[in-house]
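Please look at the sequence and the structure below. Some questions about them follow, each with a worked answer.

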Amino acid sequence: MSKEAKMKDKVHIKPFNIINGILFVIVCLIILVPIWKVLVDSLDLRTAYGMKLIPEKFGFDGYISVFTNKTLYRPLIVSLLTTVAGTFLGLTISTLGAYVLIQWEMPGRNFFANFLLFTMIFSGGMIPTYLVMKSLHLTNSLLGVILLPALSVYNLVLMRNFFEGIPQSLFEAATLDGCTPMATFFRVVLPLSKAALASIGLMFAVSYWNDYTNYKLYITNDQLYNFQMKLRSIVLGSDLPSANGGATENTVRNAAVITAILPFMILYPFLQKYFVKGVNIGAVKE
Amino acid sequence: MLKRRMLALAATAAMVATSVPMVAMADEEVEKPEKITIMVDGTVFTQANGRAEFEARWEELTGIDLEIIQPDHDAYYDVVGQTMAGGDWPDVIILSSTYYAGYAAEGVLWDMSEAYENSSLMERIEDQSVIDGLRMDGALYGISPTRGNGCVTYVKKAWLDNCGLEAPTNYEEYLNMLNAFTTGDPDGNGVDGDTYAVSAAGLIGGEAPYVNYLPEFYQDAYPSFYKNEEGVWVDGFTEDAMKEALQRLQDAYEAGYIDKESLTNGTKDCRNKFYEDKFGVFTYWAGTWATNLKTNLEANEVDSELIALPAIEETGAYFERVAPTWCITEGCENPEGVFKYFIETMLDGGDMQFLWTYGVEGVHWSTAAEEVLGVTYEEGEFHMLENLETEGTLYTKAHIDPMLAVAPLDYDPKADAIPEESRISTEVFNSTKKQAQLVVSTDEMSMLNGDLTTLKNEIVALVVTNGMTVEEAYEKFEADGGAAWSQEIVDSLNAK
Amino acid sequence: MKKKNVNNSVAVRKVPLSARIYKYRWFYLMFLPVLIFGILFYYMPMLGVLLSFTKYNGIKDPTFVGMDNFERMFSMPKFWEAFWNTLELSIIKLLLNTGMAVILSLLLNEIINLKLKKLAQTIIYLPHFMSWVVTASVWGMILSPTSEGLVNTFLISIGVLEKGSEVYFLGSVKWWRFAYYVINIWKDTGWGTIIFMATLSGINPELYEAAAIDGAGRWKKMRYVTFPALLNTIITVLILNLAKVMNLFESVFVLQNDAVVSTAQVLQTYIYAQTFNGSGIPNYGYSTAVGLFRSLVGCALVLVCNYLSKKVREGRGIV
C-alpha cells in the first residue's frame, strides 16, 4: 500500500482502525492464554495442575536442565542441518515444478498435473513406504528424512498459484530479450516471488524442524535423532513401571515445550519483512 | 529351519529317557555365536545414557560382538512391525505380553522351553510362576528377567490423620474414607469439600490387567477374557461381577469421590494433581514409584508420608502384569548359542547380571571416593552416579530392577539401600498379588476384539460419567453386537 | 485443468507436436526431479494398495482373500459411524479454519501500526508450534469441569452456569465437537493466515489507488480488490485440504476419550483402536483396505470440487 493511500485511510476511517486494533489485542490475548500457562509452569519449580498467572516458586531450573543437557547438542545440529538442506531442496523442487505447471501450452502439462494430484490422494501406507525406503538404503540415514518429504504437492500447487499471478507480459518480454527458460526462471520468476518463497520456505522449514514421524519410523540410530525426537522424550517422559523420576519433571517438560518454539521466534523476524511489505510487482516492472 | 525343529523334537523325545546326560551333551553341542543382534525398547540404556559403554562391557564379558538396535521408545512396535515385514530379523527381541502372544502364535519366536529346562535358569529362578505365566500350550518363547510389577493403592497418611481415620481394610471402610476425603477437610486448609478422594488415568486400563488403576471398585470383576477355575475361557465383561462393579463406579462418581476428569486424565495429570494435594488415594506402581511419589510430594511441600494399602478384603489381590520378555526369533541361526550366551547369562547372578542390573562401573555406578549430587561417598562405598541425560537425578538401575528380578544377585550392594517406602510398597504388593493371564490370540480375537474393546470402554464411560443405567448399558452391549462378538471369541478360545 | 487462452492455443495448434515438445525441452528437464521424487516416494509405495485384497500381518507372506476386507469393513456399524464422523469433523473444521484465517488475514492487512501488525503476526503463529499432545493437556485444563477450568469458572462468575453444574466439555457427547472446533481454530487459524498474507502482499498497489480515485472506501476496496485477489488462493487451499480430509488423526486422537466415541471416532482412530485393542499385531490388509477406501472418498471429493471450481473460475482447476 502506498503512503498516500495509507494517509487517506487514516484520516477517513479512524474508528475502524481503533476497533481493529482492539480486536487484535483481544485475539492475541486469547491465543496467549494457553501458551502463558506453559510459560508460567516452565518457570515454576512447584508442580502445578491448575491455572496460575505467575509462578509460585520462580526459577530457571527447567531451562538450565534443558540447555545444559549435552545430549541435546547433537540433535540440534542434526535438526539445523536437515532443516536447511530440506528447505532448500523442497523449495527447489516446488519452484521448478510450479514453473513447469504454468506452461499451459506445454504438451503433457496436464499429465504432469494429474501425476502430482494423484499422489496427494493415494498413499501406500506405512509398510510399503518402509520397504521402498529400505531398498533405496535410505533408512537410518539423514538423506532419507531429507528426501522423503521434499516433494510436497500441497506446497508445489500453492507455489504455482503465486507464479500464476506474475503478469504474462513479463515472460514475453524476457523471451524477446533472448532469455532461456532457465534464465527467465532465475531473473524473472524468483525475484518476483519473494513473498511466496518466504512463506512456503517457512512452511517447509517448520515441517522439517517439527518432523517426528519420519524419524521415529526410519531412524533407529540415535546418533541421527533430531531435536524433536529428543524433546518428545523429555515432554512425554517415561511412564514405565519403574522409572528414574526427577523431582521437577513438570518444569523441565514445560521448559522443553517453550524451547521448541524458540528457533522460530529467532528466525521469524528475518522473514517477516516479506510478509508485511510484500513484493511490489509494479516497481519491479520498471 | 524346519530341520532344526525336527532335531529339537527328536531331542525332546530322547530327554524323556535320560535327562541327566543330555545336559552335558547339550552343553557340548552349543556353539558360541560370533555376533548377536538385539532389538530393544527404551528399557535398556539409550545412547545418551551410556549404551556404548554398556555394549563394550557386555562384549568384554562374553567375547561376542553385540549389535543393539534401539528404535524410539514410543514408536517401538511400529518399527518392530516394519522390521519383521522387511525380513531382517534380529536374533533377540524384547516384546510386551500382547506382542509376545501374538508373535508366538505366528511362529516368529523360537521355542526355548527345552533350552530353558537344560539351563541353570531353571534352578536360579525362584518363582517359577513368572515363567509358567509365559507358557503357551506348554511352549516357552521368552524369558522375563523381572516380574511384571503392578499397582498398589497409596493413601496420604496426613489425610487419614486429619479425618481421624485408620487405613481401610474392606470396601465399607474404604467408602467411608472416600466420603471423608471428599466432603471433609483432609488437606487441613480450613475448607470443607474442596478435595476429592481418588483419581485415575481412565476408568479402565488400555492393556491387561485393565482394572489396575481402580481395583477397589472393580473388586472381583474383570472386563476381558480369562480362564476361570474350571479351565474354561469366559468374558468377564458379561458376568454379574462386572455389572456390580459398574454400579459401584457410578455411585462413587456421582458422589464426587472419583475425580470428575478421570476420563480425560493422563497418568501425568494424575500425578500432578496428587502432588498438588488435590486428592488423597492413588493407585500406582509399586516399588520405585513409591519413592518418586514421595520426592515429588516433598518438592511440592506437601506431607509426603504414604501408606501402601494392602488389597482390601473384597478385592483380595492386586494384579501383577505380565512382564516384557526377551525372545529369540526364528531368524536366529544359532538359537541355542544365543540362549546360552545372551539369555542365560543375563541372570547368572554374577558380573553379567550385575551389568544388566546396575550398568557399567564409572558410568552408571562407582565405588570411588567422591561427591555425587551433594552426597559424599567413601572409597569402596557402592553408589549410583548422576544420570547423564537428566542431570540432577541418579541412576537407579540398568535394565533389571533389582527389586523385581526373578533371580537374585550373588552380591547386591544396594540390597540394604533400597529406600524404605519402595521396599514396603513392594512387600505390600507381593503379599497380595495375582498374576494377570496371558491371552492367547485366535483369528476371531484379532478380527473382533478391537471393536469389542472399544464398545466395552465406551459403555463403562457412559455408565460412570454420563448416567447411563447398568441395564441400559447391557442392552446397548447386546444391540451393538458386543454380546455376539464376545461369544464368538470365547468359543474360539475354548475350541483351541 | 487447462487455462483457456484462446489467442495462444490457436497459434500453437498449428505447430507439430514434436516441434512443440522441442520448444519446451528445458521444461521437461526441469520437471525431471519432480518426476523422480514422485515415482520413488509416492508411486512405488502405492503398489502397497494391493495388500487390501490380502490378509497380511507383516510376518507370513500375504494371502489373497479377495474382497473379504472390504466386506468386513462395510458390515461394521462402527466403521460407518467413524466414516461419517470423519467427513463431518474434518469438513467443518476445514471450513471454520479457512474462514477464520481469511477474516483474520483481511483484518491483519488493515492494521496500520506496523509494530502491532508484526507483533500480532508473531503471536498468532505460536500455537502451531505446540505439539498436539501438549495442546490437549493445556486445553484439558482450561476446559476442566473443576475449579481449575478457566471457562467454567468464567461462566459461573458471569452467572451463565451455577456452581456444581460445570460443563465437562471434553467428556460429554453434547459438547465435545464444539470444544474440538474451538481448539482447532485456536491452533491452526494463525498459521493458516501465512498463505493468505503472502497473497495479499502480492496485490498490485495500483489497484488500490485506482479504487481510491473511484471513491471506494475501505469496505469497498476490501470487497472489490482484496477479496477477489484472495479468492483464487482460498479455493486452492480448500480443495488441496479436501484431499487430506480423510487423514484426520492426531488432533482427534489426543482429544477423544471413551465417553465420546460415538461422536469422536474417525477412520484413523478406528483403525488404531482396532489394532491396539485387538491382538496387538496389525492386520495390514484390513488397514490398507480402509486406507484405500479413504483415498477413493478423498479422490471423489477433490474431483467434484475441482469440477465446481472450473465452473466458477472459467475453466481453471486447481492444479
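This is a predicted model: local features need pLDDT of at least 70, side-chain atom pairs count only at pLDDT 80 or more; totals for chains, interfaces and linings use all residues.

Q: Is strand S7 (residues 151-156) of chain B enclosed or open?
A: A residue counts as buried if 20 or more other C-beta atoms lie within 10 Å of its own. In S7(B), 6 of the 6 residues are buried, so the strand is largely enclosed by the rest of the structure. B:Cys151, B:Thr153 and B:Val155 point one way, B:Val152, B:Tyr154 and B:Lys156 point the other way, and all are buried. The answer is therefore largely enclosed.

Q: Why do the side chains of a regular strand point two ways?
A: In a regular strand the side chains alternate between the two faces of the sheet. In S7(B), B:Val152, B:Tyr154 and B:Lys156 point one way, and the other way point B:Cys151, B:Thr153 and B:Val155.

Q: Which strands are at the edges of the open sheet of 4 strands in chain B?
A: The order of the strands in this sheet is S8-S11-S7-S12, and the pairing is mixed. On average, neighbouring strands are turned by 25 degrees against each other, direction ignored. An edge strand pairs on one side only, which holds for strand S8 (196-198) and S12 of chain B.

Q: Which residue of strand S11 (residues 279-285) of chain B is the bridge partner of B:Tyr154?
A: S7(B) and S11(B) pair in the antiparallel sense over 5 bridges. Within this pairing, B:Thr153 stands opposite B:Thr283. For B:Tyr154, the bridge partner in S11(B) is B:Phe282.

Q: At about what angle to S12(B) does helix H14 (residues 288-299) of chain B run?
A: H14(B) lies across S7, S11 and S12 of chain B. Its angle to S12(B) is about 150 degrees.

Q: How many residues of the side of chain A that touches chain C are nonpolar?
A: In this pair of chains, 86 residues of chain A are in contact with 85 residues of chain C. Helix H2 (residues 14-42) of chain A supplies the largest share of the chain A side, 13 residues. That side includes 22 polar and 7 charged residues, and the nonpolar ones number 57.

Notes:
Residues are numbered from 1 along each chain as its sequence is written. Chains are lettered from A and ligands numbered from 1 in the order in which they are written. A residue is buried if 20 or more other C-beta atoms lie within 10 Å of its own, exposed if 12 or fewer, and partly exposed in between; C-beta atoms are placed from the backbone. Helices (H or I, at least four residues) and strands (E, at least two) are DSSP runs, numbered from the N terminus. Two strands pair if DSSP finds at least two bridges between them. Two residues are in contact if their C-beta atoms, placed from the backbone, lie within 7 Å. Ala, Val, Leu, Ile, Met, Phe, Trp, Tyr, Cys and Pro count as nonpolar, Asp, Glu, Lys and Arg as charged, and the others, Gly among them, as polar. Axes are lines fitted to C-alpha atoms, for helices over the stretch in contact, and angles run from 0 to 180 degrees between N-to-C directions.
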